[in-house]
Amino acid sequence: MSYCGSASEVFRSPLSKLRKTPGVGEVIARAILHPDVLREAEQTQLRCEKLGIQQVFYTEKAYPVRLKALYDAPAMLYFQGTADLNAARTLGIVGTRQATDYGRRITEELIQAVQPYQPLVISGLAYGIDIAAHRASLINSLSTVGVMASGVDIVYPYVHKKTAQEMVLLGGLLTENRPGVKPDARLFPARNRIIAGLSDAIVIVEAATKGGALITAEYANNYHREVFAVPGHLNQTFSQGCNKLIRENKAQIYTKPEDVIEALNWDQPVSKTAPTDKTALALEFTEEESQILALFRQKPDWHIDELSWRTQIHLGKLASLLLNLEFRGMVRTLPGKKYQLN
């Protein structure tokens, strides 16, 4: 869009121009010009309207600012519900599908303790810890969002359908997949990055040494989010992943809800107008700033000369634009006239 001028111009551009667009190769260029593309998009839009699903594009104000600065942010989100995706406080809670009574109790106690702070609680609608977090949130009248590895209209597992319907009324369902997309193994890690990106902190309640919860923790660390892990019995399979995260300094030890509350400064007054996340300052971008940020989504760090060549913005003006983005917390300066996405 930045390269061509607008969304409509993308579809009017010749193949030769699309091929030259940064990050777009032959396959994508030909796919853009395929005669069925816009017809399929129209069918998706009509289906979303029929089901009451909001389509939230990356450039829109409703798009979560916590995701906006991430290099692998989804271009489009599909959302059904009432939650504010730019809530002032957010908390991700994830864990094993085979939760123990201990894990469910820890989850419920954490939700009860944070209830006065009214965070948006985020999880993955899966068996075990995830669904325990969603249900405890509903009981405590906390808005909760389930991030899905399918279309919003296909609840997986199906036994959570009733809870999902309740969440639409107090929270919501969120995905980057179009309606009709069925859950698939490759979609779950992608789903986990959205959980991590939306959360100010992630609490891993129970986890084995491999699995989705640890993938979520890895993403959270990459995104510079706070990560907590609940320690457990040395001989319990679903404590080993949490203990490993703590041992490797990839998570802080969780001993009580106050650990999270203090780390996130939730006892301090919160702005009524914007999320606490630093990317809240980036709700509005000029066309040139959007063009620069689009490049940072493709690669997290650039030399200023390369940015100037890619954007065709004069070095003097580009330096000023980058300084402004740095003041707003979107990028930071590196040695050697390089810039990195924050």
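Where is the place of Leu125 in the chain? I located Leu125 in the loop between β4 (120-123) and α7 (129-139).

**Basis of the entries.** I worked on a predicted model, in which local features need pLDDT of at least 70, side-chain atom pairs count only at pLDDT 80 or more, and totals for chains, interfaces and linings use all residues. Residues are numbered from 1 along each chain as its sequence is written, and side-chain values use heavy atoms, with hydrogens and water left out.

**Fold content.** I noted 15 helices and twelve strands in the chain. Both are DSSP runs numbered from the N terminus: helices are H or I with at least four residues, strands are E with at least two.

**Overall form.** I looked up the radius of gyration, taken over C-alpha atoms, and found 21 Å. Along the principal axes, the C-alpha atoms fill a box of roughly 60 × 50 × 40 Å.

**Contacts and burial.** I took contact to mean heavy atoms within 4.5 Å. Of the contacts between residues at least 6 apart in sequence, 68% join residues at least 24 apart. Buried residues account for 48% of the 342 residues; buried means under 20% relative accessible area, exposed over 50%, and partly exposed in between, with a 1.4 Å probe and protein chains only.

**Domains.** I recorded domain 1 (78-264) and domain 2 (287-341), with bounds from an automatic or database domain assignment. Their centres, taken over C-alpha atoms, are separated by 34 Å.

**Charges.** I recorded 39 positive and 35 negative side chains, the centres of the two sets lying 4 Å apart. Lys and Arg count as positive and Asp and Glu as negative, without His and the chain ends. Each charge is placed at NZ of Lys, CZ of Arg, CG of Asp or CD of Glu.

**Backbone details.** I returned to Leu125, a residue other than glycine with a positive phi, near 65°. Leu125 has 1% relative accessibility and therefore counts as buried.

Is Asn249 buried or exposed? I found Asn249 at 71% relative accessibility, so Asn249 counts as exposed. Asn249 lies in the loop between α11 (237-247) and β9 (252-253), and its phi is also positive, near 60°.

Lastly, I checked the peptide bond from Tyr156 to Pro157, which is cis with omega near -5°. Pro157 lies in the loop between β5 (144-147) and α8 (161-169).

Notes
The radius of gyration is taken over C-alpha atoms; the globule rule is 2.2 Å times the number of residues to the power 0.38.
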